[in-house]
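Here are some notes for your first look at this one. Keep the viewer open and follow along point by point.

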Amino acid sequence: MKVALAAICVGLASFASAQEVAVPSGVPMTLYDVRLEDEPEQVARFRFVSAAIDPSGEGRTFGDLVDDLQFICEQVVVPSLAANDWTGQSVVISVSSQETEFGIYDDSVTQFFQPYQIKDGTCAWEEF
């Protein structure tokens with residue numbers, strides 16, 4: 001499974017189409033945007049969409065997705081960044097109820113964010 005998931009983001013710079021990612025809970029997750037930032041520090045942002053967190057739908061909470069986010073970080077993000085020679089250690093994974101324009105707040109969209117630090121090939125939870 002690692003090989004197939006790692007292949008999702010090979011060629012991050014030319015990422016152009018949404019990719020479904022299977023997570024342990026079975027919640028549908030689709031990767032729709034990857035941003036590699038160099039300034040002011042190196043941060044890799046992986047943006048997912050899942051209708052399951054929409055309060056008008058299933059209404060999954062952040063707590064419902066914690067294990068899935070850890071899985072995504074370690075099984076998708078870390079191998080993908082390594083395959084693309086990314087040297088940054090900071091990662092932010094976000095999940096929203098619908099696709100959003102980066103950096104623009106939309107109060108009609110539910111969004112969860114979780115930052116991580118990559119340490120020895122694993123993802124360490126970071127506080128905001």
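This is a predicted model: local features need pLDDT of at least 70, side-chain atom pairs count only at pLDDT 80 or more; totals for chains, interfaces and linings use all residues.

1. A term to have in hand before we start: a polar contact here is a pair of N or O atoms within 3.5 Å; inside a protein, one of the two must be able to donate a hydrogen and the other to accept it, and residues adjacent in sequence count only if both atoms are side-chain atoms.

2. Now the overall layout. You'll find two helices and six strands in the protein. Reading from the N terminus, the order of elements is α-β-β-β-α-β-β-β. There are 128 residues, and 43% of them count as buried. Among contacts with a separation of 6 or more, 55% are between residues 24 or more positions apart.

3. Back to Ser96, which sits in strand S4. Is this serine buried or exposed? Its relative accessible area is 3%, so Ser96 is buried. Leaving aside residues up to four places away in sequence, Ser96 touches Tyr32, Phe48, Val49, Ser50, Ile53, Val109, Thr110 and Gln111.

4. Next, the inside. The largest nonpolar core has 28 residues, and those with the most contacts inside it are Phe46, Phe48, Ile72, Leu81, Val91 and Ile93. Strands S2 (29-37) and S3 (43-49), helix H2, and strands S4 and S5 (111-119) each give two or more residues to this core. Which element gives the most? That would be H2, with nine residues. Val91 is worth a click too: not counting residues up to four places away in sequence, its contacts are Ala44, Cys73, Val77, Leu81, Gln114, Pro115, Tyr116 and Ile118.

5. As a reminder, an α-helix has 3.6 residues a turn, so residues three or four places apart point the same way.

6. The structure holds one disulfide. Cys73 and Cys123 form it, with their sulfur atoms 2.0 Å apart. This pair links distant parts of the chain: Cys73 belongs to helix H2 and Cys123 to strand S6 (residues 122-125), 50 residues apart. The link is left-handed, at -85 degrees about the S-S bond. Both Cys73 and Cys123 are buried.

7. Some backbone details to check. Most residues other than glycine have a negative phi, and most peptide bonds are trans. Asp85, in the loop between H2 and S4, has a positive phi of about 60 degrees although it is not a glycine. At 66% relative accessibility, Asp85 counts as exposed. Asp120 also has a positive phi, near 55 degrees, and its place is in the loop between S5 and S6. With a relative accessible area of 84%, Asp120 is exposed. The peptide bond from Glu39 to Pro40 is cis, with omega near 0 degrees; Pro40 lies in the loop between S2 and S3.

8. One last stop, at Thr87. This residue lies in the loop between helix H2 (62-83) and strand S4 (90-96). Why does Thr87 count as exposed? Its relative accessibility is 55%, and the cut-off for exposed is over 50%. What does the side chain of Thr87 make a polar contact with? Its partner is the side chain of Gln42, at 3.2 Å. Thr87 and Gln42 are 45 residues apart in sequence, yet their C-alpha atoms are 8.0 Å apart in space.

Key: Residues are numbered from 1 along each chain as its sequence is written. Side-chain values use heavy atoms; hydrogens and water are left out. Helices (H or I, at least four residues) and strands (E, at least two) are DSSP runs, numbered from the N terminus. Buried means under 20% relative accessible area, exposed over 50%, partly exposed in between (1.4 Å probe, protein chains only). A disulfide is a pair of cysteine sulfur atoms within 2.5 Å. Contact means heavy atoms within 4.5 Å. A nonpolar core is a set of buried Ala, Val, Leu, Ile, Met, Phe, Trp, Tyr and Cys residues joined through side-chain atoms within 4.5 Å.
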